[in-house]
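Have a look at the model first, then I'll walk you through it.

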Amino acid sequence: MDNYEFEYWCNVAVRCIKYRPDRQEVKKELYEHLEDRYDSYLAQGMKPEEAQDKAMQSMGSPEAIAPQLAAIHRPFWGYLLDVSKWVLAGLTCVTVIAMLRYRSQLFISEPMYPSYNPYTDTYYQEENYACRRIMYDEPDCTAYSDGYTFTLSRVAWWREFDESEAEQGDDDYFFFQIEVTNPRPWAEYENMSRWFRAEDSLGNYYYNGNESAYSYDLEVNGNFYRTGLFTYTQDMWFRNFSSQDAEWIDLHYDRAGRDIVLRIGLTGGGEK
Amino acid sequence: MRRLKEKWFCFWRRIEKAWRDVPRKVKALLNVLAIILASFLLYVFSGCPAFTVEEQYRRAEKANLVGPAEILGTVELKDAYSVYDRLLLADDGEGVIMYLYRADDISNYRLVYREKMGEVTVLAAPSNDVFWWGRKEIEVPVLVFDSCPAAVRAELELELGCEFNGEEFQKTYSLESYREKQGYFLFSIRASASYELGAEGCALSTLAQVSGHDFALHVETAIPATVRLYDEAGAKVYEKSLYIRSVAGEAHEARGDAE
């Protein structure tokens with residue numbers, strides 16, 4: 001912009017436009033219009049100074065145009081775009097940091113089994129004893145409470161053998177898994193596996209993990225870990241398993257007015 | 001590789017051109033939408049923190065599969081050894097909830113649900129930290145939950161006993177409290193020693209542990225307590241003697257399996 005008269009005219013015309021990028025753009029456009037008219041007047045044979053005055057006169061009074069231009073170029077969307085750009089950039093950085101810091105929310109924990117995986121292995125041997133899986137089932141039994149879905153997903157019954165491979169029926173281990181899901185990402189879950197008690201079809205009563213006190217108590221116990229954004233898995237077992245002849249075991253959560261019941265059938269499962 | 005690079009630049013230029021042609025209003029709205037999405041992701045990846053104590057408490061209720069309960073009040077815990085400095089009390093009709101938390105970090109909490117013992121329920125604040133070893137002072141808040149709105153004053157007698165390092169301790173505490181909030185009376189037992197707390201510390205610690213639910217060791221412990229409630233005129237409106245037992249103790253007692 002080397003014509004100071006035109007530039008002054010443009011500055012006056014755009015002074016009411018609040019959003020700076022718009023002001024620059026409109027100024028440039030007006031300047032181009034003035035130059036076009038100036039060129040055409042020159043082509044008509046006018047002198048340069050005369051053509052300049054005529055071009056500015058033909059565009060009107062800049063003081064009169066200014067409020068009209070300001071009304072057309074309102075600053076709201078421009079400011080919103082600028083602010084949102086920076087906010088979005090900052091928020092993206094913070095989100096990435098949060099994702100790295102709290103990645104435990106995202107990544108799945110691995111279950112910790114002592115020597116063998118009761119659900120995928122079928123046989124396990126150590127120096128003095130061996131264990132064999134005698135039943136495996138996927139009952140898919142479901143119960144609901146407080147927005148949580150409890151699904152009895154897998155059960156496995158293991159029996160210990162001595163060196164001569166003779167069965168020892170009283171050294172049985174019974175494992176089962178309860179998947180707990182809640183679609184709300186803010187829903188927390190505590191280790192409720194310590195509050196499930198059980199009763200079998202023969203009347204044997206298994207205390208829950210918080211109630212069991214003596215080594216001879218029949219007990220339901222377990223651990224829990226996060227297995228997804230919305231899923232927890234309760235890895236559970238019966239201590240002093242005594243339901244070899246029972247048809248079923250009912251797992252109960254009946255605290256604080258709840259009545260969650262999950263039934264484990266002991267007669268199916270194929271491998272027995 | 002070069003062709004791939006060219007294709008990529010060509011694609012990027014087209015995107016840039018297309019973005020330039022998008023009206024400013026649409027761009028701003030798209031940015032706002034992206035901000036909302038990023039905020040939600042940030043909230044989720046930050047572990048969905050609760051913004052108020054009550055919100056965190058309600059979540060804890062759901063996570064522990066108890067409640068919803070009516071919040072009765074909050075007690076400030078003054079034990080310097082404790083992880084928690086506040087105790088929120090709630091009542092769901094069938095049981096009482098003692099919710100320990102830190103005022104400066106509300107995500108740090110412990111919730112204990114105990115079934116009611118009848119018209120009155122006597123429990124101590126179930127702080128995990130009420131161990132007495134090496135401590136010179138201990139203070140255990142004791143709560144009497146009641147459903148007697150006419151009562152304005154309560155008397156509590158607690159018989160505590162413990163043996164520690166050959167030291168026998170047996171004491172009946174007679175405590176008095178005036179109603180501050182409906183639903184419960186708050187008492188406090190304090191013990192101190194010039195060098196180190198002994199059997200008395202053990203007895204108070206046992207009371208706190210029995211009131212929680214993590215100490216199945218206390219299956220045989222039954223702490224005798226007597227509660228008397230008085231109305232404004234000073235007349236006795238309620239009296240009951242009961243035993244404070246652990247969760248394990250109550251379960252074994254109910255099934256007749258106690259040793």
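This is a predicted model: local features need pLDDT of at least 70, side-chain atom pairs count only at pLDDT 80 or more; totals for chains, interfaces and linings use all residues.

Residues are numbered from 1 along each chain as its sequence is written, chains are lettered from A and ligands numbered from 1 in the order in which they are written, and side-chain values use heavy atoms, without hydrogens and water.

Take A:Asp146 and A:Arg258, bridged at 2.5 Å, N to O. They sit 112 residues apart, A:Asp146 in the loop between E3 and E4, and A:Arg258 in the loop between E10 and E11 of chain A; strands here are DSSP runs of E, at least two residues, and helices are runs of H or I, at least four, numbered from the N terminus.

Buried or exposed, what is A:Arg258? Buried, at 11% relative accessibility, where buried means under 20%, exposed over 50% and partly exposed in between, with a 1.4 Å probe and protein chains only. A:Asp146 is partly exposed at 21%.

Over in chain B, B:Glu61 and B:Arg58 pair at 3.2 Å, N to O. These two are three residues apart in helix H3, so about one helical turn separates them. B:Glu61 is buried at 2%, while B:Arg58 is partly exposed at 27%.

Last one: B:Glu239 bridges to B:Arg228, and both belong to a salt-bridge network that includes B:Arg153 and B:Lys236.

Methods
A salt bridge is a side-chain nitrogen of Lys or Arg within 4 Å of a carboxyl oxygen of Asp or Glu.
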